[in-house]
Amino acid sequence: LLAHHFAEAGLTDQAINWWKRAALRSAARYNNIEAVSQFNRALALLTQLADDSSTQRREFELRIALIEPLYATSGYSGTEVEQNYARLLELGQDLGETPQLLRILWGRAGGVLVRCDFPRAHQYVGSFLELARQAGDATSVAQGVRISAMIALASGELVVARERFLE
């Protein structure tokens with residue numbers, strides 16, 4: 001309610017903060033439909049602010065928090081989830097968020113994998129692996145190699161799958 005009043009009064013910054021607060025509270029109570037709506041209201045208000053790094057950081061944080069409620073309302077392979085990850089990837093690259101980029105690329109790959117879109121899953125896992133190797137994150141590399149092998153197996157590429165499993 002406060003968020004709505006702040007928005008109507010033209011107090012955009014405060015309205016965004018209150019929509020975020022309401023969305024986090026809704027998500028904590030597993031009211032995911034309401035949380036998605038509230039996050040989207042906060043995101044819509046962000047367009048009224050200057051497009052600078054602090055606004056991008058706020059959008060990034062809102063979209064990260066939006067992931068779980070979107071999973072609950074749209075599923076891992078939902079269009080809204082894919083769009084959110086695409087925007088997060090842009091923001092994460094601009095902001096230099098390597099640890100979060102790994103999470104974003106992993107989630108994005110998972111969504112297309114659930115849809116059995118193996119070529120895109122392979123592409124996304126490849127990007128994930130490249131970043132994990134650059135970051136020196138051995139756990140993420142192992143995770144990426146395993147999923148890459150599973151994609152090859154599901155695609156009928158048995159020799160490639162075996163090579164990747166042995167990597």
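A helical chain, step by step

Me: Which residues does A3 touch, not counting residues up to four places away in sequence?
Reply: In this predicted model, A3 is found in helix α1, which covers residues 2-8. Leaving out residues up to four places away in sequence, the ones that A3 touches are A15, W18 and W19.

Me: Is A3 buried or exposed?
Reply: The relative accessible area of A3 is 3%. A residue counts as buried under 20% and as exposed over 50%. With its 3%, A3 is therefore buried.

Me: How many Å apart in space are A3 and N17, C-alpha to C-alpha?
Reply: Along the sequence, A3 and N17 are 14 residues apart. In space, their C-alpha to C-alpha distance is 7.7 Å.

Me: Let's step back to the whole chain. How many helices and how many strands does the chain have?
Reply: Reading along the sequence gives the pattern α-α-α-α-α-α-α-α-α. Counting them up, the chain has nine helices and zero strands.

Me: What share of the residues of the chain count as buried?
Reply: The chain has 167 residues, and its C-alpha atoms fill a box of roughly 65 × 30 × 20 Å along the principal axes. Of those 167 residues, the share that count as buried is 41%.

Me: Which residues does L62 touch, not counting residues up to four places away in sequence?
Reply: L62 is among the residues with the most contacts inside the largest nonpolar core. Setting aside residues up to four places away in sequence, L62 touches I16, K20, F39, A42, L43 and L46.

Me: Are α6 and α7 roughly parallel or roughly antiparallel to each other?
Reply: Two packed helices are described by the angle between their axes and the distance between the axes. The axes of α6 and α7 come within 8 Å and cross at roughly 160 degrees, in a left-handed crossing. An angle over 145 degrees counts as roughly antiparallel. So α6 and α7 are roughly antiparallel.

Me: How do the residues in the contact of α6 with α7 divide by class?
Reply: The α6 side includes T98, L101 and W106, and the residues they and others meet in α7 include F118, R120 and Y124. By class, the residues of this contact divide into 15 nonpolar, two polar and two charged.

Me: What about α5 and α6: at what angle do they pack?
Reply: The axes of α5 and α6 are 10 Å apart. α5 is roughly antiparallel to α6, and this label applies to angles over 145 degrees. α5 passes α6 in a left-handed crossing. The packing angle is about 155 degrees.

Me: How many nonpolar, polar and charged residues does the contact of α5 with α6 have?
Reply: On the α5 side, the contact includes E82, Y85 and L88, and on the α6 side R103, I104 and V112 are among the residues. The contact of α5 with α6 has eight nonpolar, three polar and three charged residues.

Me: Which loop holds Y30?
Reply: Y30 has a positive phi of about 60 degrees although it is not a glycine. Y30 is also exposed, with a relative accessible area of 70%. The loop that holds Y30 is the one between α2 and α3.

Notes
Residues numbered from 1 in each chain as written. Predicted model: local features only at pLDDT ≥ 70, side-chain atom pairs only at ≥ 80, totals over all residues. Heavy atoms only, no water. Core = buried A, V, L, I, M, F, W, Y, C linked by side-chain atoms within 4.5 Å. Buried < 20%, exposed > 50% of the residue type's maximum accessible area, 1.4 Å probe, protein only. Contact = heavy atoms within 4.5 Å. Axes fitted to C-alpha atoms, helices over the stretch in contact; angles between N-to-C directions. Helix = DSSP H or I, 4+ residues; strand = E, 2+ residues; numbered from the N terminus. Parallel < 35°, antiparallel > 145°, perpendicular 65-115°, else oblique. Left-handed = near helix turned anticlockwise from the far one by under 90°. Nonpolar A, V, L, I, M, F, W, Y, C, P; charged D, E, K, R; others polar.
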